[in-house]
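Please find below my note on this model, arranged as numbered points. It is meant to be read beside the sequence and the structure.

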Amino acid sequence: MNHLDGNVLAGPLSELFCVDMTVAVGRCGGCGDESVLASAMVYESGPDIVVRCHNCDDVLMTVVRAPGDLRVEMRGFGMIKVPL
Amino acid sequence: MTTVAPPVISASNVWKVGTVASVHTESPTGRSLMIDVPGWGGNLAGQHLDLRLSAPDGYQAVRSYSIASASPGDRLELAVDRLPDGEVSPYLVDDVQVGDQLEIRGPLGGWFVWRPEQTEPVQLIGGGSGIVPLVAMARAHAASGSTAKFRLLYSVRSPQDVFFADELASLTSPNFEITWVYTRETPAGWPTAAGRLSPSVLKTATIPAAEKPTVFVCGPTGFVESVADWLVALDHPAASVKTERFGGK
């Protein structure tokens, strides 16, 4: 199974954020690229998701879904901007 | 005197139960499903939903599926292609029957979406089952009476593998033109040999960058990434090319 893109984050991130995060613009801490989350590369392994910068491949975010909790690490984002 | 309560639309991040209202074979590996979801409230063209299957042992699988319809109300249409090693698609294509219930979350996604308020030309490029959200956009375009110029390039293995063949044929108009690319087998008498989409065919069959179209590309990951690269090489601004990868090759 090949990688997907950030469009698939809409559902999982809706469990944490109250706005659609796929149109949020993030700044990659690695290369400075600023793009919508929908255009990031997404790698799924069972219930776990790794989100990588489409430009430099640095990890932007991980989403781990366990029974009973959702853990989101946003280590690769210098900034996230959301339209309201 | 009676009052009628307005329909209750539940939030798009809540899991809802849908009931399969009808099924239709689209191709040897694909099927479309009409699903009634109380509280759905309609969706925009290009949005998707998440579908969750639960096994008796507690194992759950969640997959995203693009929605083929773009209507208001509580009925939606999916079209699914069976992946050879898929966990969920074989169930949806081969096993699900009318009356079965499915757990659904949505509508989801605000990026890969076409809204009738958009007036710029639109180029749709679909590979295989990537046609599904593009069909929703073509339907929304027709239903809204939009005069925006729409073109569709549909790359598919053979005529038998086409999804929504009759409907796409009926949607063609001076405002909506379709170019077919058959990669393995063409219809009888087709003027060109079967073959994969190439940069030169892409160039001649799509709206040129000078017309500033919004381009939507959807299908297997490899197809989407090749096409997106070729579009940028044809001077389409990267910001004008929206992509949705379905995984696979």
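1. The model is a predicted one. Chains A and B touch each other: 16 residues of chain A are in contact with 19 residues of chain B. On the side of chain A that touches chain B, the elements giving two or more residues are β1 (4–5) and α1 (10–13) of chain A. By class, that side of chain A is made up of seven nonpolar, six polar and three charged residues.

2. Between Ala10(A) and Met21(A) the separation is eleven residues in sequence, while their C-alpha atoms are 6.3 Å apart in space.

3. Chain B is assigned two domains, with domain 1 covering 15–108 and domain 2 covering 122–245. The distance between the C-alpha centres of domain 1 of chain B and domain 2 of chain B is 24 Å. To the contact between them, domain 1 of chain B gives 13 residues and domain 2 of chain B gives 14 residues. The side of domain 1 of chain B that touches domain 2 of chain B holds six nonpolar, five polar and two charged residues.

4. Chain B has an open sheet of six strands, whose order is β4-β3-β6-β1-β2-β5 and whose pairing is antiparallel. Which strands stand at the edges? They are β4 (60–66) and β5 (75–81) of chain B; each has a single partner strand, so one side of each has no neighbour in the sheet. From one strand to the next, the twist averages 40°.

5. Within this sheet, β3 (residues 48–54) and β6 (residues 101–108) of chain B run antiparallel and are joined by four bridges. For a check at the residue level, Arg52(B) may be inspected: this residue stands opposite Glu103(B) in β6(B).

6. A parallel pairing is found between strand β10 (residues 214–219) of chain B and β11(B), over five bridges. In this pair, Phe216(B) stands opposite Lys242(B) of β11(B). Together with helix α5 (residues 221–233) of chain B, the strands β10(B) and β11(B) make a β-α-β unit, and this unit is right-handed.

7. How many residues of strand β11 (residues 241–245) of chain B are buried? The strand is mostly covered, with five of its five residues buried. In a regular strand, side chains alternate between the two faces of the sheet. In β11(B), Val241(B), Thr243(B) and Arg245(B) are on one side and Lys242(B) and Glu244(B) on the other; these residues are all buried, and both faces of the strand are covered.

8. Turning to chain A, an open sheet of three strands is found there, with the order β3-β2-β8 and antiparallel pairing. Its edge strands, β3 (34–36) and β8 (77–81) of chain A, each pair on one side only. The twist in this sheet averages 25° from one strand to the next. Strand β2 (residues 25–28) of chain A runs antiparallel to β3(A), and three bridges join the two. Val25(A) has Val36(A) of β3(A) opposite.

9. Strands β4 (residues 41–45) and β5 (residues 48–52) of chain A pair in the antiparallel sense over five bridges, and Ser45(A) stands opposite Asp48(A) in β5(A). The two strands form a hairpin with two residues between them. Gly46(A), in the turn, has a positive phi of about 60°.

10. β5(A) is also joined by five bridges to strand β6 (residues 59–66) of chain A, and these strands run antiparallel. Here Val51(A) stands opposite Met61(A) in β6(A). The hairpin of β5(A) and β6(A) has six residues between the strands, and Asp57(A) in that hairpin takes a positive phi near 75°.

How values were computed. Residues numbered from 1 in each chain as written. Chains lettered and ligands numbered in written order. Predicted model: local features only at pLDDT ≥ 70, side-chain atom pairs only at ≥ 80, totals over all residues. Contact = placed C-beta atoms within 7 Å. Nonpolar A, V, L, I, M, F, W, Y, C, P; charged D, E, K, R; others polar. Domains from an automatic or database assignment. Pairing = 2+ DSSP bridges. Axes fitted to C-alpha atoms, helices over the stretch in contact; angles between N-to-C directions. Buried ≥ 20, exposed ≤ 12 C-beta atoms within 10 Å, placed from the backbone. Right-handed = clockwise from strand over helix to strand, strands pointing away.
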